[in-house]
Amino acid sequence: QVQPVESGGGLVQPGGSLRLSCAPSRSIFDIYAVDWYRQAPGKQREFVASISSEGKTSVVDSVKGRFTISRDNAKNTVYLQMNSLKPEDTAVYYCHEAAGPFPSDDDYWGQGTQVTVSS
C-alpha cells in the first residue's frame, strides 16, 4: 500500500480560499505527474489539475483563473490553491500520482480531503 497524503480541506464560504497540500509517496521528480481530482456527491471523479515532473501545469476549464497548482521542490509537496470558491467546487479532493500518461498499477491515490463551500 502506497499513497500520497492530502490535507487542507475544510468548510469555506463562497468566494473564499483554501490551499490543499499533497505529500506524494515518491519524489515529484520521479512521478510523471501529480494530479488533483475531485468527486462531488453523486458524480464521477473528475480531473482538476496536474503538474508534471518538469513542472508543467494544467487545470480543467471550470477552475481556470481560480485554481492554481504548484509545488515546493524542497518539501516535495504539491499544492492546489483554490480561490473564489463556489458551491459547485464542493467535493472530496484526491491527490493522484501518475506513473505515466495512461492508467497503471503504479498510479497511487490518496484518501481524499473534503472541501465544502457553503454559506
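In the predicted model, V78 touches L20, S21, C22, I28, V34, W36, I51, I69, S70 and R71, leaving aside residues up to four places away in sequence; contact means heavy atoms within 4.5 Å. V78 also belongs to the largest nonpolar core, where W36, V48, F67, V78, L80, M82 and Y93 touch the most other members among 24 residues. At least two residues of this core come from each of β3 (18-23), β4 (33-39), β5 (46-52), β7 (67-72), β8 (77-82), β9 (91-98) and β11 (113-117). Such a core is a set of buried Ala, Val, Leu, Ile, Met, Phe, Trp, Tyr and Cys residues joined through side-chain atoms within 4.5 Å, buried being under 20% relative accessible area (1.4 Å probe, protein chains only).

The chain has zero helices and 11 strands, strands being DSSP runs (E, at least two residues) and helices likewise (H or I, at least four), numbered from the N terminus. Of its 119 residues, 43% count as buried. Among contacts between residues at least 6 apart in sequence, 54% join residues at least 24 apart. The C-alpha trace spans about 40 × 30 × 25 Å along its principal axes.

Residues are numbered from 1 along each chain as its sequence is written. Local features need pLDDT of at least 70 and side-chain atom pairs count only at pLDDT 80 or more, whereas totals for chains, interfaces and linings use all residues of this predicted model; side-chain values use heavy atoms, with hydrogens and water left out.

How values were computed: Buried < 20%, exposed > 50% of the residue type's maximum accessible area, 1.4 Å probe, protein only.
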